[in-house]
Amino acid sequence: MIPNADQLLAISHMQGGDLGETPFAVLLHAMAVHERSGVLEIERGPLRKEIFIENGLPVDCRSNLLHETLSRFMVNQGHLTEEQGQEYLTKSTARGLQFGEALILDGVISASELYRHLQANLARKLLDGFTWRSGSFRVNGDPPPVESALKVKVPQLVVTGISKFASDEEVNSAVGPLVGKTLRLHPAPPYPREEIRLSKEQQKLVGLLQDGKRIDELAAETTIPFDQIMRLLYSMAVIGIVVPEDQLPADFEIPVPEVEEEPEPVRDDTMIIRLQKQQQFMPAEDVERLRDRVMEAYLRYRKQDAFDLLVLSEDAGLVALQDAFIEYSRRFAPWQYDGPGLKGVREKAQDLFLAGGQAFAELSDVDKRNALIMRRKLLREEKNKRPAADRFAIKSDLLDSELQFKKGKSLMAQAKYKDALKQLQFAFDMDPQNAIYRAELAYCQFLDRPQGEAPRARTELRETLRIDPKCGLAFYYLGMVEMHLENWDDAETLLQRAIKLMMPDRRPIEGLKDLQTRAKKRKKLGFL
């Protein structure tokens, strides 16, 4: 689905619907373009996600999936050991801290590293939505306050999600009407193109659209595989950056190359110049310390009220308030974070700086200050009423994809393929980005019915490798399927690749030996 402006407006106001009719990518784009805020709830069978959106930007995502918790995510990504994950899950609960805060407190990771893990985890949770071909959604337009300081840019999310996870059927159906048409870059797209990270080849392809090109011309003038061109064009068309020439605004004029203008002279701002000179000679460890100071404050500022943000007691007077605000402003003035090694820090310092101004305004107003003190008192009373067991309990009602996967593998080892398929399918439904789950599911389907399922298994395993080209298990299983189909050369190439990726696992080595034995027998019988 490539929506037009009227459709986007209508979708942005929808309170619910079917993800089969309104794809997840289009839904996110509509809310981003019209800067909607709310909680987007998506549901498919027992799987549920709540996506918190502020002014069109996803800032948080909560689900009932164990592998999407930060502790499990960091273990699965190899950033923590299984023992560390369990240790700090217990510690954080006992201390009444969030998992990441406990890691920082003990010096396991820095605030900057925690921010990167949180951002990557949020992006991964959101990308799951692009794999949902069915399900329902609801939009709650009155969201509760969100403590997350994260932000995900929708155009990059849509391009990544469609490029990796959109089905061939969806891509071909959407791009089909564009075949034969001249495509161009929209002169006033909803998002700046600079917000989207593209490879050099992809940038070249997008650049060609400045002059207008058909899809066949793009394929002839770049080295990008045709299916990747289709996916990129689909994603860029969904977010309104690429459009057919006949749909451009009536007053559109073919752009003329701009002449570079002389840069404006740098204003004589002594303080800024002095700060920039200081940063040029700042040791790397000092730059990192500066980054961490901002990141640590940034990660928690949405969870703090005005008193906590400015580090003030409730009985602090006006002079103390002014001193605290001046000190806070000095620490997070955004113009001091422009030096080398501080990329991305200025934006976060600016958010902190503005939040400090809002906190000062709130505490300077007597009525607002008293109302805040009353809210704090009620929260303390409510917290003290809760039993300690409840305050320090670890969630245990989350769906565990790894547990289902292990059950499926155990049944698979017993050759109970039909029972194994149910467990493996459930594990894959819970974690559709997991290439291992997808490969095991496809191969189990093949083992259950080798004659009937071989072509389907081959297609699924090839799709697994398109998404994750380094999945050695998919190479191995695809090699075994090709050997069953007597595609000997393809099977050998795949198994050789699997051997390199799966070392020291000997299964592909044994598979290659089996292939060579079969080839010798067939040669003796005169088939080769």
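The model is predicted. A count of its salt bridges comes to 37, and some of these link distant parts of the chain, among them the pair Glu101 and Lys303. Helix H25 covers residues 507–524, and the residue Asn64 lies in a loop between a strand and a helix.

**Helix H25**

- Helix H25 has 18 residues, which at 1.5 Å a residue should span 26 Å; the C-alpha atoms at its ends are 26 Å apart, in agreement with that value.
- Pro508, Ile509, Gly511, Leu512 and Leu515 are the buried residues of H25.
- Viewed down the axis of H25, these buried residues fall within an arc of 160°, so they line one face of the helix.
- That buried set packs against two other helices, H23 (472–484) and H24 (488–502).
- On the face turned away from the buried side, H25 carries the exposed residues Lys520, Lys521 and Lys524.

**Asn64 in its loop**

- Asn64 is placed in the loop that runs between strand E4 (57–63) and helix H3 (70–76).
- Asn64 has a relative accessibility of 9%; it counts as buried because this value is under the 20% cut-off.
- The side chain of Asn64 reaches the backbone nitrogen of Arg48 at a distance of 3.2 Å.
- Leaving aside residues up to four places away in sequence, Asn64 touches Pro46, Leu47, Arg48, Leu398 and Leu399.

**Salt bridges between separate parts of the chain**

- Glu101 and Lys303 form a salt bridge whose closest N and O atoms are 3.6 Å apart.
- These partners are 202 residues apart, with Glu101 in helix H5 (residues 99–105) and Lys303 in the loop between helix H13 (284–300) and helix H14 (306–310).
- Glu101 is partly exposed at 28% relative accessibility, and Lys303 is partly exposed at 30%.
- Arg124 and Asp431 meet through their side chains in a salt bridge of 3.2 Å, N to O.
- Arg124 belongs to helix H6 (residues 111–127), while Asp431 sits in the loop between helix H20 (417–430) and helix H21 (435–448), 307 residues apart.
- Both Arg124 and Asp431 are buried.
- The side chains of Glu245 and Arg184 meet in a salt bridge at 2.6 Å, N to O.
- Glu245 lies in the loop between strand E7 (242–244) and helix H12 (270–280) and Arg184 in strand E6 (residues 183–185), so the pair ties together parts 61 residues apart in sequence.
- Glu245 is partly exposed, at 36% relative accessible area, whereas Arg184 is buried, at 5%.

**A salt-bridge network**

- Asp305, Asp308, Glu314, Arg376 and Arg380 are linked in a network of salt bridges.

Definitions and conventions:
Residues numbered from 1 in each chain as written. Predicted model: local features only at pLDDT ≥ 70, side-chain atom pairs only at ≥ 80, totals over all residues. Heavy atoms only, no water. Helix = DSSP H or I, 4+ residues; strand = E, 2+ residues; numbered from the N terminus. Expected span 1.5 Å × (residues − 1). Buried < 20%, exposed > 50% of the residue type's maximum accessible area, 1.4 Å probe, protein only. Arc of directions from axis to C-beta. Contact = heavy atoms within 4.5 Å. Polar contact = N/O pair within 3.5 Å; in protein donor to acceptor, adjacent residues only side chain to side chain. Salt bridge = Lys/Arg side-chain N within 4 Å of Asp/Glu carboxyl O.
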